[in-house]
Amino acid sequence: MSTAPARPHHSFQTDDAALRPIAEKVTAGQRLDAADALALYRSGDILAVGWMANLVRERLHGDRTYFNVNRHINPTNVCVAACRLCAFGRKKDSPGAYTMALEEVFRIAGEGYSEAVTEFHIVGGLHPDLPFQYFTDLIAGLKQRFPQVHLKAFTMVEIGYFAKRYKLSSEEVLRQLKEAGLDSLPGGGAEIFADRIRHIICDHKIDGDEWLATARLAHQMGLRSNATMLYGHVEGDEDRVDHLLKLRALQDETGGFQTFIPLAFHPENTALRHLPKTTGLLDIRQVAVSRLVLDNFPHIKAYWQMLTPKIAQISLRFGADDLDGTVIEEKIYHDAGATTPQGLRRQELVRLITEAGREPVERDTLYRAVTRTETTVSIGV
Ligand code: SF4
């Protein structure tokens with residue numbers, strides 16, 4: 001199905017002289033450097049930045065715009081870390097702390113399954129008392145009950161914590177989880193790699209180098225992952241550029257990242273609640289700069305839960321080719337004050353994409369097209 005209207009392909013125009021050499025590189029398919037990335041962050045001509053990002057996006061994907069039907073499962077919010085960026089984690093005796101029994105996880109997973117989800121996205125706090133077997137049983141139990149559903153679970157931060165807590169190497173942690181049925185890893189916990197910023201926003205989790213080393217290891221073990229960046233708090237443009245370039249360098253090495261997801265910081269109910277929320281302009285610029293700098297990442301996601309469906313939709317013209325999924329019951333960003341709905345129906349995602357003049361493609365976690373009829377769901381290989 002192609003729903004895109006014929007578009008005028010106007011040539012590149014800008015009043016910002018700093019963008020002209022960048023546009024030449026982008027048009028020629030050349031790699032941008034740190035100075036280019038900084039110029040993109042600092043340019044007043046957001047439409048010219050968007051033009052370039054859109055060029056790259058259409059070169060890679062045409063009008064195809066991906067979404068999936070997924071369910072988030074957050075098995076526990078108990079966490080030993082106390083990241084200032086976080087509104088989700090609780091100390092174990094605090095009001096609102098919860099840990100699901102495995103049967104509860106399986107029951108909740110089953111509720112989503114009635115809508116034929118193709119992915120469970122599973123992340124949680126760093127619980128000090130659960131045995132490692134809780135996590136391997138969780139994965140194995142889900143795989144046994146829902147064999148067709150892709151299990152995307154545990155951030156690099158959780159993997160690093162499991163290794164420390166259970167005195168195993170990260171490789172052994174990943175090996176056991178993979179053996180239990182883990183299919184891939186999400187991209188969370190990357191935040192901003194720069195130490196100076198990490199000390200302020202998430203002092204207690206693994207540092208940037210460890211995050212990257214864990215991702216490298218996962219990729220070497222045949223597990224794909226995503227990558228994220230949390231922006232819009234105390235970081236500067238240089239920190240964002242440094243973060244993107246580190247991800248790009250690792251992707252050159254492993255090719256294991258599928259999707260980059262820029263995450264807008266939501267300050268409410270966090271220790272950084274005095275900070276303002278991100279603006280629409282910053283959100284859109286971040287999508288565009290990500291698309292332009294991460295030339296070796298196949299996909300850039302405009303995660304509608306964090307950006308709002310409206311900004312995410314506009315991002316589809318500024319470099320994004322993915323909106324994430326239907327997301328049933330999201331907790332982490334809603335604890336941080338996100339006012340977006342907790343889930344969007346499949347038809348609503350299709351409408352957002354179609355109205356942006358793009359072609360909706362339902363995908364599974366590995367970006368294979370999913371075809372649905374009234375009674376069946378099949379995944380193209
Ligand atoms: S961001 Fe993650 S590691 Fe940090 S406090 Fe929240 S749940 Fe814990």
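For sorting residues by class, Ala, Val, Leu, Ile, Met, Phe, Trp, Tyr, Cys and Pro count as nonpolar, Asp, Glu, Lys and Arg as charged, and the others as polar. The model is predicted. On this basis the shell around the ligand comprises seven nonpolar residues, no polar residues and one charged residue. Its members are Cys 79, Ala 81, Cys 83, Leu 85, Cys 86, Phe 88, Leu 126 and Lys 205.

Zero disulfides are found in the whole structure. For Cys 202, the closest cysteine sulfur belongs to Cys 83 and lies 5.3 Å away, which is too far for a bond.

The structure contains 14 aromatic pairs. One of them joins Phe 135 and Phe 154 edge-to-face, because their ring centres are 5.7 Å apart and their planes stand at 85°. Phe 135 belongs to helix H5 and Phe 154 to the loop between strand S4 and helix H6, so the pair ties together parts 19 residues apart in sequence. Trp 211 and Phe 257 form a stacked pair, with centres 6.3 Å apart and planes at 15°. This pair connects helix H9 with strand S7, 46 residues apart.

Relative accessibility of several residues named above is listed here.

| Residue | Relative accessibility | State |
|---|---|---|
| Cys 79 | 12% | buried |
| Cys 202 | 2% | buried |
| Phe 135 | 3% | buried |
| Phe 154 | 1% | buried |
| Trp 211 | 0% | buried |
| Phe 257 | 0% | buried |

Charged ends also sit over rings: that of Arg 145 is 3.9 Å from the ring centre of Phe 106, and that of Arg 240 is 5.4 Å from the ring centre of Tyr 41.

Notes. Residues numbered from 1 in each chain as written. Predicted model: local features only at pLDDT ≥ 70, side-chain atom pairs only at ≥ 80, totals over all residues. Heavy atoms only, no water. Near = heavy atom within 4 Å. Disulfide = S-S within 2.5 Å. Buried < 20%, exposed > 50% of the residue type's maximum accessible area, 1.4 Å probe, protein only. Phe/Tyr/Trp six-rings, centres within 6.5 Å; stacked < 30°, edge-to-face > 60°. Helix = DSSP H or I, 4+ residues; strand = E, 2+ residues; numbered from the N terminus. Lys NZ or Arg CZ within 6 Å of the ring centre and 35° of its normal.
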